Amino acid sequence: MKIKRIGVAAIALAAAGALALSGCSTSSEPAAPEGDSTAIITTNGSEPQNPLIPTNTNETGGGKILDSIFAGLIYYDAEGKPVNDMAESIETEDSQTYTITIKEGQEFTNGEPVTAESFVKAWNYGAALDNAQLSSYFFESIEGFSYDENVDEMSGLEVIDERTFEVTLKQPESDFPLRLGYSAYYPLPEAAWEDLEAFGENPIGNGPYKLAEEGAWKHNERIDLVKNEDYQGGRQAANGGLEIIFYATQDAAYADLQGGNLDIIDAIPDSALATYEDEFGDRSVNQAAAIFQSFVIPDRLPHFGGEEGKLRRAAISHAINREEITDVIFSGTRTPAKDFTSPVIDGYSEDIPGAEVLEYDPERAVELWEEANALSPWEGSFQIGYNADGGHQAWVDAVANQIKNELGIDATGAPYPTFAEFRTSITDRAIQTAFRTGWQADYPSLSNFLAPLYQTGAGSNDGDYSNPEFDQLMADGLGATDVEEGIEKFQQAQEILFEDLPAIPLWYSTVNGAWGEQVENVEFGWNSVPLYYQVTKSEE
Amino acid sequence: MAGYILRRLLQAIPVLLGTTFLIYFMVFAMPGDPIVALFGEKTPPPQVLEAVRERYNLDKPFIVQYLLFLGGIFQGDLGISFSGEPVSDILARTFPVTLRLALLSTLFLMVGGILIGLISGLRKGGIFDASALVVSLILISLPIFVIGFVAQFVFAIQLGWFRTTVGPGAPWGDLVLPAIVLAAGSFAQIVRLTRSSVIETDGQDFVRTAASKGLSRRRIVPVHILRNSLIPVVTYLAVDFGVLMVGATVTEGIFNVPGVGNTLYQAIIRGEGPTVVSFVTVMVLIYLVVNLLVDLLYAVLDPRIRYAK
């Protein structure tokens with residue numbers, strides 16, 4: 001899922017002034033633990049960038065709303081473990097053909113039953129090339145899917161009866177069931193097909209919440225959701241509703257939390273990162289998120305191919321002091337990377353053989369660099385490309401400086417004015433420098449951090465990395481019928497990545513949030529979004 | 001007079017056509033593919049990219065895109081944003097909010113700035129004058145986001161006099177604090193302009209004549225001095241109103257005002273051609289109308305001014 005970028009104003013000065021004053025702003029009244037089951041929870045969000053159609057929403061602004069008003073076959077609990085939601089069972093014997101049965105008596109909020117057809121139709125729509133859905137690639141592993149021609153009905157989806165359907169994949173993929181909690185796989189009611197445009201404005205779902213009324217989505221302002229009393233899954237709302245207010249800047253949301261106009265925020269502005277934990281104490285969170293940050297040095301750059309490239313990548317990795325940057329620049333709101341995935345994912349390990357390459361070791365760095373120079377002497381400068389509209393300058397400059405100082409070479413950041421320009425030059429392979437990349441998992445699985453990024457020819461393999469050994473291990477892992485066995489293969493695949501360093505791991509983002517004393521039971525999910533349904537609020 | 005207005009309005013047509021063309025071209029020529037950016041850090045398959053581009057007509061050559069857009073305008077269709085909302089709806093939603101904000105802000109400027117400038121000018125060199133100059137100097141040297149954040153922190157969060165951000169529907173009451181912050185930026189100019197203009201007018205012959213023919217100061221100040229001092233001030237206020245109408249992105253961001261500045265900023269970042277061009281077109285219109293009104297106001301303020309036939 002794409003992280004919504006927010007306009008970053010130059011606000012450090014003002015923030016410093018505000019922070020000096022903020023020490024005296026707390027009140028010490030203890031919150032009553034009594035929750036009111038009709039209370040409305042207010043929280044921050046951002047204007048969805050697309051109509052609210054599950055297969056056409058790939059950013060967090062719309063995702064937060066869809067996750068509240070729809071229920072998929074499964075959902076993820078706070079630890080990212082899958083729990084059946086609409087599904088009664090998802091069964092397979094070979095990790096390639098799955099039989100999915102839906103619970104009886106599930107309904108959309110317009111009274112329509114949730115059937116096998118509700119899923120199959122929605123998936124076929126999302127996959128068809130002519131519909132140009134942003135999340136179409138989620139269906140690419142289903143048999144019959146094609147990027148080259150329009151397919152109205154994929155051969156891999158078969159409705160068996162009212163509540164059962166069968167999914168056949170192109171090849172075995174053991175983590176397929178794990179994906180099914182992602183928004184692209186939500187079902188749609190028949191009513192959606194009458195006029196999908198209009199439906200995207202006033203979606204009808206089957207989740208823990210529903211739109212408060214026609215037109216509850218007030219563009220650029222807010223969306224009002226109320227509890228869906230008919231929802232029977234495990235995410236039943238303990239509160240009366242959810243009001244998501246759209247903010248153009250995180251500073252405004254933070255001010256509203258301080259001013260008591262907002263119950264929960266799941267993002268802290270840069271200006272408050274160093275202080276929010278002191279201000280909100282145990283009503284704040286700073287925990288690892290499923291977001292992996294790195295930079296890629298493509299093979300095609302001069303001096304970065306073959307054996308020489310391997311040595312140079314390892315040298316650069318050793319030259320970066322990740323601890324120092326995460327402390328000084330990010331005030332501890334990033335965690336130095338120890339692998340290519342994220343600590344919140346099942347199967348994460350800090351001790352994968354080869355992970356030493358991530359340790360700061362200037363001597364080893366110089367040694368490796370000299371070895372590479374023996375193969376072919378270094379010339380030119382080393383640059384890291386980034387988009388200047390995303391607040392990346394500080395860390396890119398810091399990393400470049402460390403490389404420059406430790407290796408004694410010329411290293412700088414190479415800013416692109418906008419995200420669009422930056423991503424376009426990466427997609428077109430026009431970029432002639434190293435470049436930053438970030439990856440937020442769509443579903444809690446190790447393979448989601450590896451396959452789309454480093455497999456030969458994979459969609460987001462922006463550095464065109466290719467290693468048959470890695471591909472084989474990934475295929476083995478995905479084909480495994482046993483979860484543990486799959487994890488083991490994925491770990492082995494990462495060992496290869498540590499040798500080749502197709503991307504230089506930097507750190508994991510953390511989720512930074514805070515809430516007011518009027519709310520209780522606030523917990524953040526694996527995907528950094530609060531589990532709103534379990535929050536209780538006492539009316540003052 | 002009517003002929004003058006008509007001629008000015010006719011002049012507006014080529015200006016509007018020219019600006020839409022220029023802006024459309026600039027958005028089109030902006031480096032980077034907005035559709036690629038829609039996918040975030042993920043790299044979509046080229047076929048999907050092509051299909052999405054087609055949906056927004058972005059696969060067609062520039063001139064075709066522009067003509068399609070222009071054709072739409074004449075049918076009252078300004079296109080749709082990436083989020084599927086008609087651009088006309090976005091305009092109808094955001095401009096009233098920004099208009100309220102700009103009106104309030106201008107009101108504060110007129111009442112506060114002109115009054116203080118007038119008193120300063122009449123008591124040149126006094127304590128009031130000196131302190132007004134110092135205060136306006138401080139305000140003019142502070143960037144607007146500093147004023148905004150401090151005002152929000154002190155008056156909304158600490159004292160609780162105002163809502164921290166603008167609430168649903170952006171009611172007038174919630175817009176008071178952002179309007180004051182916005183006004184603070186131009187406050188110094190208005191005070192100083194009024195002050196120097198008042199000082200100059202005060203020294204004019206007709207003021208001395210008025211005094212010598214026995215008119216009271218109470219009558220001289222508003223009728224002779226103030227009225228004649230207002231021409232540069234009104235010009236500035238009008239231009240400033242135009243600036244406020246086209247959006248105060250920083251202030252709107254701080255107070256989360258769902259107005260023009262915020263929306264346009266997002267649209268530019270996303271490369272949404274139709275939204276950007278429609279907004280800018282309306283802005284140009286506003287500028288033209290405001291400037292026309294100012295020119296007409298001159299005649300009211302100074303009867304010596306006549307409009308060429």
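A: A nonpolar core is a set of buried Ala, Val, Leu, Ile, Met, Phe, Trp, Tyr and Cys residues joined through C-beta atoms within 7 Å, and buried here means that 20 or more other C-beta atoms, placed from the backbone, lie within 10 Å of a residue's own. This is a predicted model, in which local features need pLDDT of at least 70, side-chain atom pairs count only at pLDDT 80 or more, and totals for chains, interfaces and linings use all residues. Residues are numbered from 1 along each chain as its sequence is written, with chains lettered from A and ligands numbered from 1 in the order in which they are written.

Q: Which residues touch the most other members of the largest nonpolar core?
A: Among the 221 residues of that core, they are Ala315(A), Ile403(A) and Leu450(A).

Q: And what is Leu450(A) in contact with, leaving aside its neighbours within four places in sequence?
A: Leu450(A) then contacts Phe340(A), Met474(A), Phe490(A) and Ala493(A), where a contact requires C-beta atoms, placed from the backbone, within 7 Å.

Q: OK, helices now: how do H13(A) and H14(A) pack?
A: Helix H13 (residues 446-454) and helix H14 (residues 468-479), both of chain A, pack at about 140° with their axes 11 Å apart; helices are DSSP runs (H or I, at least four residues) numbered from the N terminus.

Q: Which residues of H13(A) and H14(A) make the contact?
A: H13(A) contributes Ser447(A), Leu450(A), Ala451(A) and Tyr454(A), while H14(A) contributes Phe470(A), Met474(A), Gly477(A) and Leu478(A).

Q: Last one: how many residues from each chain are in the contact between chain B and chain A?
A: Chain B gives 48 residues and chain A gives 57 residues, and on the side of chain B that touches chain A, H7(B) gives the most, with nine residues.

Conventions: Contact = placed C-beta atoms within 7 Å. Helix = DSSP H or I, 4+ residues; strand = E, 2+ residues; numbered from the N terminus. Buried ≥ 20, exposed ≤ 12 C-beta atoms within 10 Å, placed from the backbone. Axes fitted to C-alpha atoms, helices over the stretch in contact; angles between N-to-C directions.
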